[in-house]
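Student: Before we talk, could you put the structure up, so that I can follow each point on it?

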Amino acid sequence: MTTQTTRTTTPNPLSQGWTYAPAPESAAIAAVKDRYLPFVDGTFVEGHGDDAVTFNPGNAEPLATVSQSTTGDVDVAVAAARRAYEDVWSPMSGAERGRYLFRIARGLAERARELAVLECLDNGKPIRETRDFDVPTAAQHFFYHAGWADKLGHLGLGPAPRPLGVAAQVIPWNFPLLMAAWKIAPALAAGNTVVIKPAETTPLSVLVLAEVMADAGLPPGVVNVVTGAGDIGSALVNHPGVDKVAFTGSTTVGRGIQRSLAGTGRRLTLELGGKGANIVFDDAALDQAVEGIVNGIFFNAGQVCCAGSRLLVQEPVAEELLAKLEARAQTLRVGDPLDKNTDVGAISSVRQKTKIDELVASGADEGAHVWRSTAPVPDRGWYVSPTILTATAGSMRVVREEIFGPVLTVETFRTPDEAVAKANNTPYGLSAGVWTEKGSRAMAMASALQAGVVWDNTFNRFDPAAAFGGYGESGFGREGGPAGMAAYLEDGS
Amino acid sequence: MTTYASPPSRVPGTATGPDSSLAADEPRLPAHLAGATADEATLRRFLAGLPGVDPVGLEQRAATLATRSIKKASKLAAIDLAISMVDLTTLEGSDTPGKVANLARKALSPDPGRPSTGSGNSCPAVAAVCVYPDRVATAADVVAGSGVRVASVATAFPSGRSSLEVKLADVRLALDSGADEIDMVIDRGAFLAGQYGLVLEQIRAVKAVVAAGSGRARLKVILETGELATYDNVRRACWIALLGGADFLKTSTGKVSPAATLPVTQVLLQAVRDWRDQTGQQVAVKPAGGIRTTKDAIRHLVAVNEVAGPEWLDPHWFRFGASSLLDDLVLQRRAQLAGHYADPATVPLD
C-alpha cells in the first residue's frame, strides 16, 4: 500500500510559505491635524507652554504638534471643573447625567474607525487591537457607567451617596483612550467633574474624546484635558483644588504621589506596575494555554501593567509547552501597526524600547537563554521581536523588574504550593493566570494568589462590570464594577 | 500510513467487538502511541490523558484568525488553491447517472471561460468528485486520466448504523468501481457509549480493505463532530482515527448541523500537527459541510497556515468537502482577475 507521503502531483507553491499581501488601514481615516490644543472649560484653548511633538512609533516620524499646558493652565482647568461641579454637574439628576454618558458612548462608537486609526498612529499598537479592543471597550465603559448614574443608591453606599468633587486623573501611554474612559466614565456617573492629563507621548485620542464630549453637549468644565509631561501631572495631582486623585502609571511616580498627598485628606487610587504570573499545570488545556500565554505577554507588545510576564510551568509539561509556545510565537506577525494582519506592533516610545533592550541584555548577561522570533521587523520605527527567556531564576532582574515589553520569562515548578510561592514572590500583585482543567485547584489557587485579578483558563480579559486593581506595589483601589464606582463616592451609609 | 500488518482475525469481513485484541500496532509508531491501543482500558486511559480543549480559548483564537485580511495576489493564490482543494460533492438520494456525470465534468473545468487545460489564467480543476458508492463508476468514467480523483462515502454513510460486514461491502463496492478515496464514518454511537476500541477496530478494518485494494486509495475518517458535541470528544476521536491509520481527518458528513466550523477544524489541525511532531507522519484534513463562501474557505486556509503550518497548504493535505462553495470561488476568482463581479448566471450549474 501507499504511504501517506506518496503523491503524484507537484506541491502547491503556497505550501512553501504563504505571504499575506500588505493590508494597511488608511492613515487618512484618522484625520490627524497638524496641531492639537488642550480642552478647558468646554473649548479647545492654547496652552501657555512650548509646543511638543508627538511621534508615530510605527515609523519614528513626527505625527502632530500639541500645545502644552502650564501650571497656570492647570489652575484654570481646576477652577473650571470646580465651577462645573458646583453649578451644573453635581446638582444634575443621575438620569440626566446618564444621558450624557450614553451620548458620549454613542459618539465613540460613531467615530470608532477614526479613533482606532488615530490610536494606532499615536501609540504604535496594531490596528487589530485598537479596532477590536481599545475603542469598543472604551465605548463599553461609558455605556456601562451610564447605567449607574441614576442607581447610585443601589451601590451599597447608603441611599444617596455623594460625589467627591473635582477628580484629577493622570493616565499612561499604553491604552490612552481606554484608560481615559476607565477614569472619566465612573467619575462622571458618580457626579464628579474631571481634569485629566494624558501621557505626553500619546495625547491625541484623548483630545478627540474631548471633541466627542463637546459634541455630546457635555456642559463646559465637566471634563477638562490638560497636556504636558510629568511636571504638569504633578501640578495637577498636588493641586489644592482637587478632591480626588486617580493615577495609572509607574510605581515610582505612584509612590511619590502617595507621599505628597499624605495628610491632605484627598482620596487616592493608584493603578501601578505588575509582574503577573501565568501558571500552567500539567493537566491544562495546553493549546489554549499557549494562546493565553501569547495573549498575556504579546498583547500590546507586553506594554500592559497586568501582562502575564512570568510563565510558571509545571515540570512534566514544560518541554512540550515551550516547544509549542516558541512555534506559536514564531507565527506572530510583527510590523506595521496599520496593517490589519499585524499581531505585534511598535513599542510606544524610543525610551521604552531602549529600556526593554537593556533589560533583555541584562537577562542574557545573568545567564538566561534568549529565544527571539525571527519574524522580519521594519527598518524604521521602534520594534522589539517577541522574546522568551528560559533558564531564568527568581534572582534575575528580568524576573524581578517589570519589563513592559514583549518579553516573557519562564520558570518551572513542581507543586501547587511552589507555584503560589513563586507567583507571590514579587512586590507587585496586579494579575495572575491559572491554567488547569481541575476546577477545585483553580479556585484554591485564586484564593492563594496575591493578585487583584486572577484569570482562570484565560488572560487579559476585561469587562467594565469587573473590578480591576492591585495589591502591594501594584497600587490600591478598584476600577470597574460597583467597586470602581465606590472610588468616586462618599459612603453615606 | 505505513504497511498495516493486520492479524488474520481482523481481515476484512470479520466482525470484531470491543473486547477483541486491539494489538498489531504500527511498527514505526513511538512506544507511547504503539502501546496506546494494547487493549480497551489502555486506549481509554490514553485518550483521557490527552490535554483538554478549552472552548473559550479555542473559539477566541478561531475568531482572531478570522480577522486576517487576505488581499490582492495572496487572495488570488488562495482562491486557486481552494478550488484545487475542493471535493465536489453530491450525496443525495436523487443522484442520477446524468447528475453525477455533469458534476464530474464541472470538476474537470469549474470555469469553462478559463478551462483548466488552457494557458494564462486558467482555472484549476478541483481535487475530487465525491459521490455514493453506486455512482463511483459514472464519475470515474468522466474524470479518468485527468488527475481529478473520485472519492466515495462508504460504511453506511451518513449514520454508520449497520454491521461491519455491510460497511466493508460498501467500501469494496466503491473501490471496485474505481474510487481513489474512501470517506468512512466512525461509529458515533459506539464512541458516545465509550466503546473506543470498537471505533478503532472499525477504522482499522476499513483501512485494511482500502489497503488491500489497488494500493493507491486513501482513507478519510469522518468524525461527525456535530454529534460528538464537545471539543474534547473531537480531539479524542481525532486520535482514534490517527491510531487507526487515517490518511485524512474529516469533520462531518454534511448531513448534521453544525458541520465544519473554524474551531472544530482547528482541533483537527492541532491533532495532525501533534501527530506529525510525535511520529513524523503527515495526515491530511478535510472540513466538510457548511463552507459555502470564498471568505469561509480563506478563513480555513489561514487557520491551516497558522495552526498546522504551510506544509498543509496543498490539495494532498487539505480538502474542502463542499458543493456550492465552488461556484462562489469561481465568481470571486473572476472578480479578482477582472476587477468586477460577474453575473452569477454565467457560472455553470452542475
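The questions below go through chain B and then the sheets of chain A.

Tutor: This is a predicted model, in which local features need pLDDT of at least 70 and side-chain atom pairs count only at pLDDT 80 or more, while totals for chains, interfaces and linings use all residues. Residues are numbered from 1 along each chain as its sequence is written, chains are lettered from A and ligands numbered from 1 in the order in which they are written, and side-chain values use heavy atoms, with hydrogens and water left out.

Student: What radius of gyration does chain B have, and does it agree or disagree with a compact globule?

Tutor: The radius is taken over C-alpha atoms, and the globule rule is 2.2 Å times the number of residues to the power 0.38. The C-alpha trace of chain B spans about 60 × 45 × 35 Å along its principal axes. Because a compact globule of 350 residues would have a radius near 20 Å, chain B agrees with the rule, at 20 Å.

Student: What percentage of the residues in chain B is buried?

Tutor: Buried means under 20% relative accessible area, exposed over 50%, and partly exposed in between, with a 1.4 Å probe and protein chains only. By that cut-off, the buried share of the 350 residues in chain B is 59%.

Student: How far apart are the end C-alpha atoms of helix α4 of chain B?

Tutor: Helices (H or I, at least four residues) and strands (E, at least two) are DSSP runs, numbered from the N terminus. The expected span of a helix is 1.5 Å times one less than its number of residues. The 13 residues of α4(B), 72–84, should therefore span 18 Å, which agrees with the distance between the end C-alpha atoms, 19 Å.

Student: Which elements of chain B do the buried residues of α4(B) pack against?

Tutor: The buried residues of α4(B) include K75(B), A78(B), I79(B) and A82(B). Contact here means heavy atoms within 4.5 Å. The elements packed against are β1 (86–89), α13 (294–308), β8 (320–322) and α14 (325–338) of chain B.

Student: Which residue in β2(B) is the bridge partner of T89(B)?

Tutor: Two strands pair if DSSP finds at least two bridges between them. β1(B) is parallel to β8(B) over three bridges, with V86(B) opposite F320(B), and three bridges also join β1(B) in parallel to strand β2 (residues 128–131) of chain B. V86(B) and L88(B) point one way from β1(B), D87(B) and T89(B) the other way, and all are buried. In β2(B), the partner of T89(B) is C130(B).

Student: Which strands are the edges of the three-stranded sheet in chain A?

Tutor: The order of this open sheet is β1-β5-β4, with mixed pairing. Five bridges join β4(A) to strand β5 (residues 61–66), which run antiparallel. Each edge strand pairs on one side only, and the edges are β1 (35–36) and β4 (52–56) of chain A.

Student: What angle does helix α10 of chain A make with β13(A)?

Tutor: An open sheet of seven strands in chain A has the order β14-β15-β16-β13-β12-β17-β18. Within it, β12 (residues 277–280) and β13 (residues 310–314) of chain A are parallel over four bridges, and I279(A) has L312(A) as its partner in β13(A). Axes are lines fitted to C-alpha atoms, for helices over the stretch in contact, and angles run from 0 to 180 degrees between N-to-C directions. Helix α10 (residues 315–330) packs on the sheet, and its angle to β13(A) is about 135 degrees.
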